[in-house]
Amino acid sequence: MLALVALASYLLGSLVAGVLYSRALGADIRDRDLPGGSGTYRQHGLAAALGVTAFDVLKGVAAVLLARWFTPDFTWVATLGVVLGHCYPVFFRFAGGGGVAPLLGALLVAAPVTLVGMLAVGLALIPLYRATLQPRLGLNAVPFATAVAVPLGVLLATRYGGLPDLLAGGAVMAVRALHLLTVQKRPA
Ligand SMILES: O=P(O)(O)OC[C@H](O)CO
């Protein structure tokens, strides 16, 4: 059953909404941009980006709910599968998005306290950092907020549950981020 949950989650993740949407319009967003919410916003506008993001978040929700039903002790397998599918989709030559949206959806079910804590601290830190440290350090706010939010997430997940999900999804995202930075070149 665990293998079936893993496979179903991976296939679900492989339905990358940004690619499906752009192909429905007769093109492939990956020729110009990444297929997540940001790329879709740049190429197709706000409404499309919201729809694409919602779909990709719901994939994570659905995968973990499926795992909760059939293999409740192994929701992390669904999280791993759905993020992996989104990043390396079997239907689209294994070139997908960054994994943010499906991981958000998965954590929404598997580790809601951790997710809310990480988002709240991360989002609150960005304006604070911009107003104080950034002028001196020069470093972009997102890596700074991430560097604080991730250890906090691990602490929260240790206390409130969902640590395996956070680590599994985060590991896939880290590999994908490195891959995007080093192997794949985004067309201009
Ligand atoms: O990582 P993705 O593919 O879910 O896309 C994330 C959005 O673009 C967030 O900026």
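This is a predicted model: local features need pLDDT of at least 70, side-chain atom pairs count only at pLDDT 80 or more; totals for chains, interfaces and linings use all residues.
Helix H7 passes helix H9 in a right-handed crossing. Two packed helices are described by the angle between their axes and the distance between the axes. For H7 and H9 the angle is about 155°, and the axes lie 8 Å apart. Angles over 145 degrees count as roughly antiparallel, and H7 and H9 are therefore roughly antiparallel to each other. On the H7 side, the residues that meet H9 include Val 113, Gly 117, Val 121, Leu 125 and Tyr 129. On the H9 side, Ala 141, Phe 144, Val 148, Leu 152 and Leu 156 are among those that meet H7. Sorted by class, the residues of this contact are 16 nonpolar, four polar and one charged.

The next pair is helix H5, residues 75–87, and helix H10. Their axes cross at roughly 20° and come within 8 Å. Angles under 35 degrees count as roughly parallel, so H5 and H10 are roughly parallel to each other. H5 passes H10 in a right-handed crossing. From H5, the contact takes in Thr 75, Trp 76, Thr 79, Leu 80, Val 83, Leu 84 and Cys 87. They meet Pro 164, Asp 165, Ala 168, Gly 169, Val 172, Met 173 and Arg 176 in H10. The contact of H5 with H10 has nine nonpolar residues, three polar and two charged.

The crossing of H4 past H6 is right-handed. Among the residues of H4 in this contact are Thr 53, Asp 56, Val 57, Gly 60 and Arg 68. H6 contributes residues including Ala 101, Pro 102, Gly 105 and Leu 108. By class, the contact of H4 with H6 holds 10 nonpolar, three polar and two charged residues.

Rolling a probe the size of a water molecule over the atoms shows where empty space is left. The largest pocket holds about 1,400 Å³ of space. Its lining consists of 44 residues, and Gly 99, Val 100, Val 142, Thr 146 and Met 173 lie nearest the centre of the pocket.

H10 gives the most, with 10 residues. By class, the lining of the largest pocket has 27 nonpolar, 13 polar and four charged residues.

Note on methods:
Residues are numbered from 1 along each chain as its sequence is written. Side-chain values use heavy atoms; hydrogens and water are left out. A crossing is left-handed if the near helix is turned anticlockwise from the far one by less than a right angle, and right-handed if clockwise. Helices (H or I, at least four residues) and strands (E, at least two) are DSSP runs, numbered from the N terminus. Contact means heavy atoms within 4.5 Å. Ala, Val, Leu, Ile, Met, Phe, Trp, Tyr, Cys and Pro count as nonpolar, Asp, Glu, Lys and Arg as charged, and the others, Gly among them, as polar. On a 1 Å grid over the protein atoms alone, a cavity is a set of points where a 1.4 Å probe fits but cannot get out, and a pocket is an open set with protein on both sides within 12 Å along at least five of seven lines; lining residues have an atom within 4 Å of a point. Grid points are joined across faces, edges and corners, and a volume is the space filled by probe spheres set on the points. Axes are lines fitted to C-alpha atoms, for helices over the stretch in contact, and angles run from 0 to 180 degrees between N-to-C directions. Angles under 35 degrees count as roughly parallel, over 145 as roughly antiparallel, 65 to 115 as roughly perpendicular and the rest as oblique.
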